[in-house]
Amino acid sequence: MMANLFSIFDPTTNFFNLSLNWLSTLLGLMFIPYSFWLIPNRHSYLWNFISNKLHNEFKILINNKFKGSTFIFISLFFFILFNNFLGLFPYIFTSTSHLNFTLSISLTFWLSFMIFGWFNNTKHMFIHMIPQGTPSILMPFMVLIETISNIIRPSTLAVRLTANMIAGHLLITLLSNMGNNIPFYFIFLLIILQILLLVLESAVAIIQSYVITILSTLYSSEVN
């Protein structure tokens, strides 16, 4: 039962022994408004509104001299958001529910921040390992604690996103499997529960995209 339950996350579409399910990560490009590419239209107002809000917020958090750096995190937000939403549609592979996908994203950003920080702001990186006001006797322990907490950051980002996406999909699958084992007059209640759960999963998809992006932005601000 458990193996069948988790098998909904397995890539199953193969072509010449290559899994084609991961191509679903590119389907988000279909939802980008035409104004992003060429022609402005009325459907682009929401896109521009969200982008501007995120840009203003990330600009305050990053607070650095690199012009346009906020658009990296805006792109990350929309990329994760589209993949989270696509996983709510039937028969579409959910890439964000796999650790090899989420860990690839978080590890890439984390390594970029670390390389940039240690090469350009070495003194600041050393200072950041010891909080201000730490007693001298506790400094070695604080360096060890800060080092460990810094190393596990990419894994915590990846596990947070993966676990939240898996949990919701498992609940939806469990409720769907109950349809054959309940009386007919409970079907309506089951449909209502499914709709409420889909609304909750939609909110989780948005919140998790925002949380991952905000944490990545905060991590980047620490190396400047």
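Let's start with pLDDT, which is the predictor's confidence in each residue, on a scale from 0 to 100. You need it here because this is a predicted model: local features require a pLDDT of at least 70, side-chain atom pairs count only at pLDDT 80 or more, and totals for chains, interfaces and linings use all residues. Residues are numbered from 1 along each chain as its sequence is written, and side-chain values use heavy atoms, with hydrogens and water left out.

So how does this protein score? Its mean pLDDT is 78, and 78% of the residues reach 70 or more. Confidence is lowest in strand 1 (residues 14-15), with a mean of 48, and highest in helix 5 (residues 99-120), at 89. Over residues 13-18 the pLDDT is below 50, and this stretch has 6 contacts in the model beyond near neighbours in sequence. A contact, by the way, means heavy atoms within 4.5 Å.

Now follow the chain. You'll find 9 helices and 2 strands, running α-β-β-α-α-α-α-α-α-α-α from the N terminus on. Both kinds of element are DSSP runs numbered from the N terminus: helices are H or I with at least four residues, strands are E with at least two.

Next, look inside. Of the 224 residues, 35% count as buried, and buried means under 20% relative accessible area, with exposed over 50% and partly exposed in between (1.4 Å probe, protein chains only). In soluble globular proteins, nonpolar side chains tend to be buried together. The largest nonpolar core here has 27 residues, and those with the most contacts inside it are F58, F73, F78, F109 and F113. Such a core is a set of buried Ala, Val, Leu, Ile, Met, Phe, Trp, Tyr and Cys residues joined through side-chain atoms within 4.5 Å. Helix 3 (44-62), helix 4 (70-86), helix 5, helix 8 (153-177) and helix 9 (187-221) each supply at least two of its residues. Helix 4 gives the largest share, 8 residues.

What about the rings? F58, F73, F109 and F113 form one aromatic cluster. Leaving aside residues up to four places away in sequence, F113 touches F73, S216, Y219, S220 and V223. The structure holds 8 aromatic pairs. One of them is F77 with F78, edge-to-face at 5.4 Å centre to centre and 70° between the planes. Rings of Phe, Tyr and Trp (its six-membered ring) pair if their centres lie within 6.5 Å; planes under 30 degrees apart are stacked, over 60 edge-to-face, and the rest tilted. F77 counts as buried because its relative accessibility is 6%, and F78 is buried too, at 8%.
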